[in-house]
Amino acid sequence: MKKSIGFIVSVVYAYPFVFFAMYMDFIKGSLWGYLIMIAGTSILAVIGKLIMQKKLIILGNLISYFSSIYFVYSMQTLEGWDGYFKPLTAM
């Protein structure tokens, strides 16, 4: 049972939470994406801790990070994307 829950958590962790939050902010001007990001990663971390899988939490965060970076790089061609997040960049 723990392995199947761990697999499901890993698959959900692969979702690019940070990219989704930034995309919602850029396209709709909505901060709901950031709330979803915070709630989603927190819930997944608690589930990972409950099933005693610290490696799952670390691996899931790394997968989410790299998938978000991939999608952020793919948005570089969109006009105004990088300038929207000034003085910081999307990266």
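This is a predicted model: local features need pLDDT of at least 70, side-chain atom pairs count only at pLDDT 80 or more; totals for chains, interfaces and linings use all residues.

Burial first: of the 91 residues in the protein chain, 33% count as buried (under 20% relative accessible area; exposed is over 50%, partly exposed in between, with a 1.4 Å probe and protein chains only). Residues are numbered from 1 along each chain as its sequence is written, and side-chain values use heavy atoms, with hydrogens and water left out.

**Fold.** I counted 5 helices and 0 strands in the protein chain (DSSP runs numbered from the N terminus: H or I of at least four residues for helices, E of at least two for strands). From the N terminus the elements read α-α-α-α-α. I also looked up contacts (heavy atoms within 4.5 Å): among those with a separation of 6 or more, 64% join residues 24 or more positions apart.

**H2 against H4.** How do the axes of H2 and H4 cross? The axes of H2 (residues 17–28) and H4 (residues 54–74) come within 7 Å and cross at roughly 40 degrees. Axes here are lines fitted to C-alpha atoms, for helices over the stretch in contact, with angles from 0 to 180 degrees between N-to-C directions. The pair is therefore oblique (under 35 degrees is roughly parallel, over 145 roughly antiparallel, 65 to 115 roughly perpendicular, the rest oblique). From H2, Phe17, Val18 and Phe19 meet Ser64, Ser68, Phe71 and Val72 of H4.

**Proline 16.** I found Proline 16 in the loop between H1 (2–13) and H2. Proline 16 is buried, at a relative accessible area of 11%. Leaving out residues up to four places away in sequence, Proline 16 touches Ser64, Ser67, Ser68 and Phe71. I also checked Proline 16 against methionine 37: 21 residues apart in sequence, 8.9 Å apart C-alpha to C-alpha.

**H3.** Which residues of H3 are buried? They are Gly33, Met37, Gly40, Leu44 and Gly48. These cover an arc of only 80 degrees around the axis, which puts them on the same side of H3; the arc is that of the directions from the helix axis to the C-beta atoms. On the other side of H3, I noted Trp32, Ile38, Ile43, Lys49 and Leu50 as exposed. After H3 comes methionine 52, with a positive phi near 60 degrees.
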